Amino acid sequence: MLEAVIFFLLAGLAVAAGVAILLSTSIVRMAYWLITMLIAVGGLYFLLGAYFVGVIQILVYVGGVAVLLVFGVMLTSRQLAPKLRPGRGEVVWLALVGFVLLEALTLSILHTRWQQNAMAPANSVGEIGRSLLGEFLGPFELVSVLLLVAMLGAAYLARPKVPTQGPQHAKGTTVP
Amino acid sequence: MKEIELQYRHPPDLLDDGEIPSDIRTEELVLNMGPQHPSTHGVLRVVLQTDGELVLGATPYMGYLHRCAEKIAEKVTYRQFTPYTDRLDYLAAMNNNLGFALAVEKLGGIEVPPRADYLRVIFAELNRIASHLMATGSYGLDMGAFTPLVYCFREREWIMDLFEAACGARLTYSYITIGGVREDVPEGWGDKCREFLDYFEPKIAEYNDLLSFNHIFINRTGNVGICPPELAVAYGLTGPCLRGSGLAWDLRKATPYCRYHELDFDIPVGHGENGAVGDCWDRYFVRVQEMVQSVRIIRQALDKLADGPVQAKVPRVVKLPAGEVYYEVENPRGQLGFHLVSDGGTSPYRLKIRGPSFCNLSVLPVLAPNCLLADIAALLGSIDVVMGEVDR
Amino acid sequence: MMPYAFIIAWLLPLVGFVVLVFRGRRIGEPRSGYLAAGLMLTAAAISLVGATRWVIGHPASLNVSTPWLRLGSQWINFGVHIDSLTIVMFTMVTVVASCIFIYSIGYMQGDPRFPRFFTYLSLFGFSMLGLILADSLIGLFIFWELVGLCSYFLIGFWFEKTSASNAAKKAFIVNRVGDCLFLIGIATMLGTTGVVSLESVFNQVRQGAFAGHGGLLTFAGICLFFGAVGKSAQFPLHVWLPDAMEGPTPVSALIHAATMVAAGVYLVGRIFPLLTPTALLFVAYIGAITLIGSALIAIVMTDIKRVLAYSTISQLGYMILALGVGGWAAGLFHLITHACFKALLFLGSGSVIHGCHGEQDIRKMGQLHRKMPITSITFLIATLAIAGVPLLSGFYSKDAILASALGFTWTHRVHGLLFILPAVAAAITAFYMLRLYLLTFWTQARDEHVHHHAHESPKVMWVPLAVLAVLTVFIGWGGKMPERHSLGEGRYQYEGGRGLVGLIAEAQPQWAVSWQMQEAGHPSVSDVSREEADAEAAHEEHGFHLMAMAIATSAMLAGVLMAWLVYSKELISAGKATQVLAPVHKLLWNKFYFDELYRATFVAGILLLASFGKWFDRVVLDGLADGSARWMARLAFFSGLTLDNRGVDGLVNGAARLALVGGNLVRKAQTGRVRNYILALTTGGAVIVLVFVWIW
Amino acid sequence: MMGLTPYLILSAILLVLGIAIVISKRNAIAMLIGVEFILNAATLNLVAFSRHGIGGLSGQTAALFVIVLAAAEAVVALAIFLNFYHTIATVDIDQGDQLKG
Amino acid sequence: MNQTANIKPQTPLGQAMFVCERPKVEYRGLSLKIVQLATKWGPIGIPLLLRFAWGIFFAALVFVIAFVWVVGRFINPLLPWFVRDVVVVVGLLAFVSIVAIIGIWGERKVSGRIQSRLGPMRTGAWHGWAQSLADGLKFVQKEDLIPQDADKPLFRLAPYVALVPAFCAYLAIPFGVGWVFHDSDVGLLFVLAMLAIEVLGVIMGGWASNSKWSLYGAMREGCQLVSYEIPMGLSLVAAVAWLGSLSLVELGRAQDGGWWSWLLFQNPFLFAAFFTYYIASLASCKRSPFDLPEGESELVAGFHTEYSGFRFVMFFFAEYMGMFAVSAVATVIFLGGWNSPVPGLASPLWFVIKSTFLVWVQMWVRWTLPRIRIDQVMHACVKYLLPFTLLLFVGSSLWQLYDNPDHRLFEGFAAVVRFGLGCLGLLLLGLYFAGAAYGFYHRNQLVGQMVRKHLPGA
């Protein structure tokens, strides 16, 4: 019973976050609503017994990506940022498509009979580790390469265009 | 001299659909290192144009501590003006008084008894040590190390006690008056002074361990705010700032006054051990070495302290002959100059005071660009500005 | 061999016509006349020879027919039917025509269009002979029209005179009215019986072609009779004949006295078996009305040719009456005799006019018998003949007519008028003929100028007069009406006929349709029952003949006396009489206002119709035409500018613009904004998901 | 015991919200946030399935991969966006329609 | 001042002095109530409280310990499960707040001692122990201002977002064998995650207070997070890889073989890993050389410049909780947590001692070293610390690979190394205590007798 309550609480929080983002115009608010959503979903993972995924979610997403986004917000937000609102026609069309999609998905979900076999035991991190390096070794290596590429790409893209002289002394400081 | 022009690019108008220049800096922020700021040593306001952490331009604003000292000088008799000189560079009041007194004496042709001279030297150097202690301590504070300040103040307290014993005041002494010294030091003062010097000598090494040679400190100050000698001369830097850039120019040696020529001391100069010549570390370290030299001077002066009158015969209301004089004194922060024009009346016709900090501060806009925000604090601390002198 | 001789005789005038048409002008004045007259004389000779051979050989009837034209699936034959009536008519026409041809050579002397006159006369001769020989109603109708055409040409010969051209047009139009009804009649006959030649028609009728439609046969008969009314200037359609006098006198003589007008009576004679009793009664009454009316008008006429014209109309009335009352041979015999003396009268008046240099008003003439003795004598003979003086041809034929009329009225007491009117008219005829003769030849010369110039006409003119006078005198002699014996079933047998009358009576039809009708079990077509008709036909022959002769001569004498009193003795002054009977005189002078009547009704109607037509044409048709024209213009304009510009160009440019607009539209889709693309993406996704959901 | 469907429905809602955000927001970072929403919806599904026995453990490892990749994607996206910001001084995505037809 | 007098105040020189009405500040909210209460009961209550201060303090301490012991022993099995959780949470909350309070007081005393001054002496009886209480009281009654066009909701939320995760970190930290709220097998990561969230609170606070300086503070915090988190994680991973489990309890239990079984001394790489972790943890809770987010000298007070009143206290609490949490993790993983140096005497006390010692070291470092510039921080963490920790991780895993029976030779060498490191640790500890003794012995000379002479009541 408690689990259901918690589930609806967290689900409610996540959805509320989504809706709040839709409605709000200040980008900072949106960023923080995203963070609440991420934490809510993390909580849901805990609820589902996937502790490792939950923690990774919070660590990687909230700790990393969210902060990155907040950085993006701060770098680009100007005091007098104009309120960017979507056009009216777009909103109406979007609402329509959104409802249709939602309706379709929920209908499909409700109609199919999921094979409800036994609840998997809350597995330990070790098994995930083993499967990560066993069954999923291929993807694991690929992801590592991808991350490297992404890092290089991002670094290259975000390099300072204007050759800032940088503080004269910055060159060649050495830390023992 | 590389012309360092202020690269300031206006942010493009949002709605302007025109051609967008290719290299747009990120958002530029204008910061107000306002009058109330922990690292501005008094009411100095610096407007910074920053691009993220990088500072593009700094323009100091002054005038927050302006008390019209020079105008008042015209209304006030010479003697009455002495207390005002204390408040010019409130950290080195003795030297200010000395400067003013020497200027008047030079114009008035007043002869000062030798004991007064030596007393003047002793008190000036003690005041220099106190002011340098203040500078190094607060510089540490700027760098984020809180402990050195406390240690420096510990010794400064001792000096303050000595001053208090001598002239009853801890900060604004107005002890050195026209014609000599207000009153003689109590006896045993010299022994107390020697006791202090013996105690103080090893402490300087302690500061060096604590702050000067601290690796983080060196990182924060080395190669920051490098002021080449030519730039220093061009902007009229004087005092530790000038000597930090490697120029050994000290009025006490260059144009010795009140018996400095008889004393033996040497002028510390920045050699750029930890970074370039003329960087913040050099200016800081020059001050530390000057403290050592001051101790030597005081010791020699104490030894030469002969008995005799401390006050020359000067009428209560000093009347100077019409004429003008410009007399400079080596203040802990640089050359403090008094340009006295008298029309023969009891009060000067016009008194122009050259504050060393004023000139030293002028180099900030030149050194600031391309520094980081934290370096500004370091730079400002190394220049060691006292607003009293700047605003007068 | 016999019929071919008549065919050759028939074609000679055609040859003359063709030669004169092409070489008329080159042949010149007198020689064209000689050519035409010569050809006509040879034709006359051939017909006389043929007549004698016929009288000797007594063949029943000769038929020669050749397939002529194909009407739908049926071949129509054009043939020649020769019987005793044809022979008599053929000879009468050719003889009279040759006399007139010769006379006109003299009369037309000096006329600029001399050859053309003889061209028309030859054509007339050919068509009149063809009419007589034709064996079928259609053949007859063709020559009927040709004759009308020739009368139009000849009346309007001096077309410079507007009155002549109007008269020609009037004659032709009135004839056309009659011809229309005639054509309707032919059409119904052809329609119902399906055959063309008269013999076969009679057989069909006898076999009951008109079994169910008695009325239709009557109607057809009346329509055919109306053809005759038009051609023979009977009561309703008689107005053209007096005006036809505008033509040269020989024309009047030939066409309006002897031949063409006779054609109507000949037609009635030919189709006599078809006429039902009602039709016959109708014919009789038309004849009676015509004869009394025109006789009264002739009294007041002052122009020689007008008086003769009206006398011709009344004599034709007599012939129609005779046929109407059943006296078939009497009517046709009167036709022959009338042809002779009427031609003589006209040629006489012609020589008088010729002598008086174109003066036609009898009030300006007088005392011309001295100036023109031969003309006056021949004129006197003709006048007496027409008046019905015994021993002249007129007396015999008029007497026969009155006898048959008396027989008819005796049995049908209700139709008493049919005898009284002819008797009275006989007296009036005698009166106005003598008035004419006296005023022209015996009263004082009322116009010196005319009197002075009067001179006797040349030999080429008075020789034909003489010939005709001789004929008028001798034709009637020795004639005797044959007896009729009923063979039952409506068939009759004739024998005992002598003389010219006998010859004509041979061709009398042997049956009457009225009997056939009753035989076929149809309600009586006539108001006389069948038995009664047989009885009356049996004994009507001989009793009435003498009574009629007595009444006729007494009427003639009364007329002569009156004329003599009024004009030669001047006991009763004509002027005073005209004042007393002023309204009557005025009525008669204006010819019973028929002209005005017709002008008021038909002419006005036609004019009205014409004006309506004009209006209709102008307003409606023009309107339509203009309107359509205007619409057409607008349409053109429309099609031109709009349709073309907008349509075609529109299409072309439209396609281009369509492409442009389409392109633009599509371009709009590429907004370059990422969000729009994603929106499109999700819409597609939503639709796909929706579809999958529905599929489940 | 919670069934599977609530989780699936929640993920569907999150997906739609994510898409809506991506589409409706004109600020580039908001779009990134939208993308994060979508990815989270996916991972939630993965974990929910693995929890309810379908696919066993691979669901969670896949979720891990998704999270890691999402991080990489966010980094690259932000780099691109900063570049965009550097060249066109606005935040508004719609300004970036140089490829307009 | 007689309001009716219409004499305009003038300066000696005769100009009309510009008189500005002092804005009447009216207190709002909690602080108003407390002020009223304090003014009402203050004069009576406080001296009473102070007199019996010590007694009250010890009574509270005894009560808490007894309460926890009783619950753990007797009520535990009987209660429905959630009561236990609630009780534990309350206990934790109490413990943490006490830690924070002592921490604050401790910091001020230590900094005093370092700076050759006494630190707070007056509040409360002995050595101003009630100073943090006084501070709390002070802060509570201060008016919590919100800058005018600040992002109000975010501004209010920031302190909580900073405080709550810091507290949540304690849910996974085992104080003793059974003494953990929830022994999940990803405990370590959970703690790290919670610390990551705390950073967001700081950034939110910095951004929301709508002043350029606080924005700089927030940005620096962000940069710092990005740079220190990886080395911190990696050094922990090196340790965890050694033992094979992420669960802190597991880790603690594995180190119960006396001080040489502590992970610190297992292999040199781990030894270095401890120090790299410790440096990174300094950065994570914004301490000493890395306290750029609130760099007083440049950014006035960094991200919490605009905060005042209770909100500032919350940030303060969050900081100290973070310090203790980070030290706790270090002790559990590297220093054997609740295991005593001598095998067998395991008890939560050891855990507290070790953690406190590490917290002390943080304080010690803070009051000696100046602040590093932000680009130097990033340089340090990314260019030097990161590769170094990677090296350690590789090294320790290779070491573990060969340190097993089938490499007899290497195993022996490993044992020797382990023993050597143990001695080295002992040596360092001894060195520290020698210094301390020397300092205590020469305290007069060091501190300087003048101080003792000059300052009254020294």
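I began with strand β2 (residues 45-51) of chain B, which 7 bridges join to strand β3 (residues 54-61) of chain B, the two running antiparallel. Strands here are DSSP runs of E with at least two residues, helices are runs of H or I with at least four residues, and both are numbered from the N terminus. I looked up one position in this pair and found T50(B) opposite V55(B) in β3(B).

I noted the conventions before going on. The model is predicted, so local features need pLDDT of at least 70 and side-chain atom pairs count only at pLDDT 80 or more, while totals for chains, interfaces and linings use all residues. Residues are numbered from 1 along each chain as its sequence is written, and chains are lettered from A and ligands numbered from 1 in the order in which they are written.

**Chain B**

For the chain as a whole I noted 15 helices and 9 strands. Of its 392 residues, 52% count as buried, a residue being buried if 20 or more other C-beta atoms, placed from the backbone, lie within 10 Å of its own, exposed if 12 or fewer, and partly exposed in between. Among contacts in chain B between residues at least 6 apart in sequence, 73% join residues at least 24 apart; contact requires C-beta atoms, placed from the backbone, within 7 Å.

**Chain D against chain A**

I then looked up the interface, where 63 residues of chain D are in contact with 73 residues of chain A. On the chain D side, α1 (5-24), α2 (28-51) and α3 (58-87) each supply at least two residues, and α3(D) gives the most, with 23 residues. By class that side holds 45 nonpolar, 14 polar and 4 charged residues, with Ala, Val, Leu, Ile, Met, Phe, Trp, Tyr, Cys and Pro counted as nonpolar, Asp, Glu, Lys and Arg as charged, and the others, Gly among them, as polar.

Helix α3 (residues 51-76) of chain A packs with α3(D) at about 5°, their axes 10 Å apart; axes are lines fitted to C-alpha atoms, for helices over the stretch in contact, and angles run from 0 to 180 degrees between N-to-C directions. That makes the two helices roughly parallel, since angles under 35 degrees count as roughly parallel, over 145 as roughly antiparallel, 65 to 115 as roughly perpendicular and the rest as oblique. Their contact has 21 nonpolar, 5 polar and no charged residues.

**Chain E**

I turned to helix α5 (residues 152-169) and helix α6 (residues 187-208) of chain E, which pack at about 165° with axes 8 Å apart and are therefore roughly antiparallel. By class, this contact has 20 nonpolar, 2 polar and 1 charged residues.

α6(E) also meets helix α11 (residues 310-334) of chain E, the axes coming within 11 Å and crossing at roughly 155°, which makes this pair roughly antiparallel too. I listed V191(E), L195(E) and E198(E) in α6(E) as meeting A318(E), G322(E), A325(E) and V329(E) in α11(E). That contact has 5 nonpolar, 1 polar and 1 charged residues.

Definitions and conventions:
Two residues are in contact if their C-beta atoms, placed from the backbone, lie within 7 Å. Two strands pair if DSSP finds at least two bridges between them.
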